[in-house]
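Please look over the structure shown here before reading on. The paragraphs below then lead through its parts one after another.

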Amino acid sequence: MKVAFRTFGCQMNISDTEAMMGILRRAGHEIIESEEVADAVIVNTCAVREKSEDKLYGKLGQLKALKKRNDRLIVGVCGCVAEKNSTELLTHREVDFVFGTRAISRIDKLLSRAAGGERLIEMGDYIDELDANCPRVRTSKHHAWVTIIYGCDKFCSYCIVPYTRGREKSRKMADILNEVKQLADSGYREITFLGQNVDSYGKDLMDGSSLAALLRETLKVEVIERIWFLTSYPRDFSDELIDVIASCERISRSIHLPVQSGSNRILKAMNRGYTREYFLDLIRRVRDRVPDSSLSTDVIVGFPGETEADYEDTVSLINEVRFERVNLAMYSPREGTLSARKLPDDIPQEVKIRRLNDLLALQKRINRQENEKYLNMVIDVIGEGKIKGNGKIYGRTMNNKIVIYHADVSMIGTPVKIKVDSVSAGPLYGEIVGVL
């Protein structure tokens, strides 16, 4: 059977799709890109924002039209929206089966049942089947995603993830290291450890495992040149972890610490579990011990009850920290969360838009100023992908700066030295001056 995938959302969804493609290929199916000639289309969904969820329903409209031309087409829906709206999704006649975030290892069996005419929902927990021996179709030949912990126990008041991804469940460290060694043997030189709260890794295992310990063990696999991790939770980012990062330049200098708001009142309403002062002290400790670190964050504007004073607290925090990247979003209530149940969505849309645009402009100025520090520097970059139509590729530095330079696509995955000759508020631009 020819199967196409459409994936929305975060890196965890990308990793899940890679596993599903591997399982289906092992079962004898062919993974293709085109929906037009596919026998089945699997849509992997995201529910973290209303806009993300809307992407699924837009895609279902397209698939409904496609199914009118090919009534044998099978459509499956998985991911966070599947967990949230499983019964409702199966009322869409174009949808043949729905399965949850912890049932993806059963994709081959579910597809076979759907091909036999069964319309079904599967929400079981088979997450332990996604071990080092699970086949995966990697989307890169030099970089690999490695999920180390599933789920989230934090229950921030605005967040749907604990309800769609379940409680935290860590993989055994030996199994993770087995996967890392397999990747190294297959020629991979970069890995990213993934988790909804990656620095919560190991707490549920009760055997001394932690992200810091995992990083120390991974460093023993010397073929792996770069070790990244996403996404950290400020309350769990330990001094031990900071020390391990500082100990070796092969560990990413790009540290993502979502703050969400600069106001203590709003942080409390969000149930984030820390204060503005705690967060700023964490930033100080990171920069003291890892001075070449590059910090990024997430911010929500327009949370229920956010006053202008609360918003200005966020502005002042961004000005003080000077993040190298800020992911901005307007608050949207997610059904089933505490804030959606208990708090009115009382910030007018025009106020949310103004605050968002003002922060975008502020962060653009900061990005430009921070990037100017790289002008005329020679930096180490690994190529990642092609820029369409101009003979250039883009790569990434160890602190997550995107760099665009002239090179053949054969240089993707190759470490090079780039002299930066121009900058923007986004990428850096330069020319190759050496190959590593």
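Helices (H or I, at least four residues) and strands (E, at least two) are DSSP runs, numbered from the N terminus. The model is a predicted one, in which local features need pLDDT of at least 70 and side-chain atom pairs count only at pLDDT 80 or more, while totals for chains, interfaces and linings use all residues. Residues are numbered from 1 along each chain as its sequence is written, and side-chain values use heavy atoms, with hydrogens and water left out.

Two strands pair if DSSP finds at least two bridges between them; S13 and S14, which run parallel, are joined by six bridges, and Ile300 has Ala329 in S14 as its bridge partner.

Helix H11 (residues 276–289) comes next. Because a helix is expected to span 1.5 Å times one less than its number of residues, the 14 residues of H11 should span 20 Å, which agrees with the 20 Å between its end C-alpha atoms.

Turning to the loops, Gln196 lies between strand S10 (190–194) and helix H8 (211–218), and it counts as buried because its relative accessibility is 16%. The side chain of Gln196 reaches the backbone nitrogen of Gly151 at 3.4 Å. Leaving aside residues up to four places away in sequence, Gln196 touches several residues, among them Met12, Tyr150, Cys152, Arg165 and Thr231. Thr231 itself lies in the loop between strand S11 (226–230) and H9, and the peptide bond from Leu230 to Thr231 is cis, with omega near -15°.

Most residues other than glycine have a negative phi, and most peptide bonds are trans. Met206, in the loop between S10 and H8, has a positive phi near 60° and counts as exposed at 72% relative accessibility. Arg322, in the loop between H12 and S14, has a positive phi near 55° and is partly exposed, with a relative accessible area of 26%.

Another set of strands remains to be described. Strand S17 (residues 402–406) runs parallel to strand S19 (residues 428–435) and is joined to it by three bridges, with Tyr405 opposite Gly430 in S19. Strand S18 (residues 415–423) runs antiparallel to S19 and is joined to it by seven bridges, with Lys417 opposite Gly434 in S19; S18 and S19 form a hairpin with four residues between them.

Methods
Buried < 20%, exposed > 50% of the residue type's maximum accessible area, 1.4 Å probe, protein only. Polar contact = N/O pair within 3.5 Å; in protein donor to acceptor, adjacent residues only side chain to side chain. Contact = heavy atoms within 4.5 Å.
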